[in-house]
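Trainee: I'm new to this structure and would like a close look at one part of it. Could you take me through the main nonpolar core and what surrounds it?

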Amino acid sequence: MELPFRLVSVFAVEGDPFSGNPLAVVEDAGDLEPHVMQAVARQFNLSETTFVTAVDEGSGTATVRIYTTTYEMPFAGHPTLGTAHVVAGHLGRGVVVLDLPAGHVPVVGDGATWTLTTARASTWRSPDATRGELAATLGLEPQDLAGEPLLVNSGVEQLVVPLASVDAVRRVGADAALLHRHVRTTLGEPQVLAWAEAGGDEVEARFVLADGGSVVEDPATGSACANLGGWFVAHDAHRSGGLTRVVHQGAAVQRPSLLRLGVSSEGVVTVGGLVTETGSGTLLLP
């Protein structure tokens, strides 16, 4: 079996070919069993790999599966935007809908910039851990936390932790054992977005997760950006005409990335960014 794939970078910085979050998109994957998709994702060894299993040209809807190297995701931001870019290129249209396990996600293109609207309204709840425990989990002091940490779900649940300064964001040094102990999400994998306002509409953020006994940092996390939007909704920050933020992420892992967050006055969350193509090829499978 020969299956084409594309390599793209999502939330890229214009002019920097090594920015953003890389993604492999496997096209025409309708005949693949889930265990094969998982094996292919492990082979690519990227944070996520997507599989386009069906495309309805009339409606512009594509059915898509998203896999990390170890499990399937119901929703993830950069795989959604990168896959929409590939599907839309085949269909010759600027608007597509991805049918994901989390729901139908509409994605709109403007040149090479793609923007998704979350499939569900954000929900949130308070974590069980204390502020001191969360600070220790991130390698920080309690005074480095600002505002209310919340577990937010705009498609996948993650812990969103506001910090007092950009300096605190840059000092984050998460502990894997403490992530497992203090960050309990519905996904099962401890995932944390630590962020701080950087002036104007700018935000600096880092996203960390525990993978077994290790801490992994993601360069650009669209699902977490959506959950940051949900955090703003939870605190009614969107009520007076909505809000926008430009989220800077990835500098700590040498993959600078830009994510564009929007929250309407009704609480609708959008996440957008630049998608660049970096390669293509063919998978040779038995």
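Mentor: Happy to. Keep in mind that this is a predicted model. The largest nonpolar core has 50 residues, and those with the most contacts inside it are L81, V107, L193, W195, L228, L261 and V271. Helix α6, covering residues 222-234, gives the most to this core, with 7 residues. Domain 1 (2-116 + 274-284) and domain 2 (123-267) both give residues to the core, so it lies between them.

Now pick out V271. Not counting residues up to four places away in sequence, V271 touches F11, L81, W114, T115, L116, G222, C225, A226, R260 and L261. There's also a second, separate core of 20 residues, and L140, L145, L163 and V172 are among them.

Let's follow the strand β17, residues 269-284. Strand β1 (residues 2-12) runs antiparallel to β17, and 10 bridges join the two. Within β17, G279 is the residue standing opposite L7. Strand β8 (residues 113-117) also pairs with β17 in the antiparallel sense, over 5 bridges; here T117 has T270 of β17 as its bridge partner. Then there's strand β16 (residues 257-263), antiparallel to β17 over 4 bridges. R260 stands opposite G272 in β17, and R260 is also one of the residues that V271 touches. β16 and β17 form a hairpin with 5 residues between them, and G267 in that turn has a positive phi of about 90 degrees.

While we're on backbone angles, here's some background: most residues other than glycine have a negative phi. You'll find Q254 in the loop between β15 (243-249) and β16. With a relative accessible area of 61%, Q254 is exposed, the cut-off being over 50%.

N45 is another non-glycine residue with a positive phi, this time about 60 degrees. Look for N45 in the loop between α1 and β3. N45 counts as exposed too, at 57% relative accessibility.

That loop also holds E48, sitting between α1 (34-44) and β3 (49-56). An unreviewed UniProt entry lists E48 under "active site". E48 is buried, because its relative accessible area is 9% and the cut-off is under 20%. Leaving out residues up to four places away in sequence, E48 touches L23, A24, I66, Y67, T68, A76, H78 and P79. The side chain of E48 also makes a polar contact with the side chain of S47, at 3.2 Å.

Finally, look at T69, in the loop between β4 (61-67) and β5 (72-73). T69 is buried, with a relative accessible area of 19%. Setting aside its neighbours within four places in sequence, T69 is in contact with Q38, A41, R42, N45, L46 and S47. T69 and A39 are 30 residues apart in sequence, yet their C-alpha atoms are 7.8 Å apart in space.

Methods:
Residues are numbered from 1 along each chain as its sequence is written. This is a predicted model: local features need pLDDT of at least 70, side-chain atom pairs count only at pLDDT 80 or more; totals for chains, interfaces and linings use all residues. Side-chain values use heavy atoms; hydrogens and water are left out. A nonpolar core is a set of buried Ala, Val, Leu, Ile, Met, Phe, Trp, Tyr and Cys residues joined through side-chain atoms within 4.5 Å. Buried means under 20% relative accessible area, exposed over 50%, partly exposed in between (1.4 Å probe, protein chains only). Domain bounds come from an automatic or database domain assignment. Contact means heavy atoms within 4.5 Å. Two strands pair if DSSP finds at least two bridges between them. UniProt positions are given in the numbering used here, feature names are shortened, and annotations may be inferred rather than shown by experiment. A polar contact is a pair of N or O atoms within 3.5 Å; within protein, one must be able to donate a hydrogen and the other to accept it, and residues adjacent in sequence count only if both atoms are side-chain atoms.
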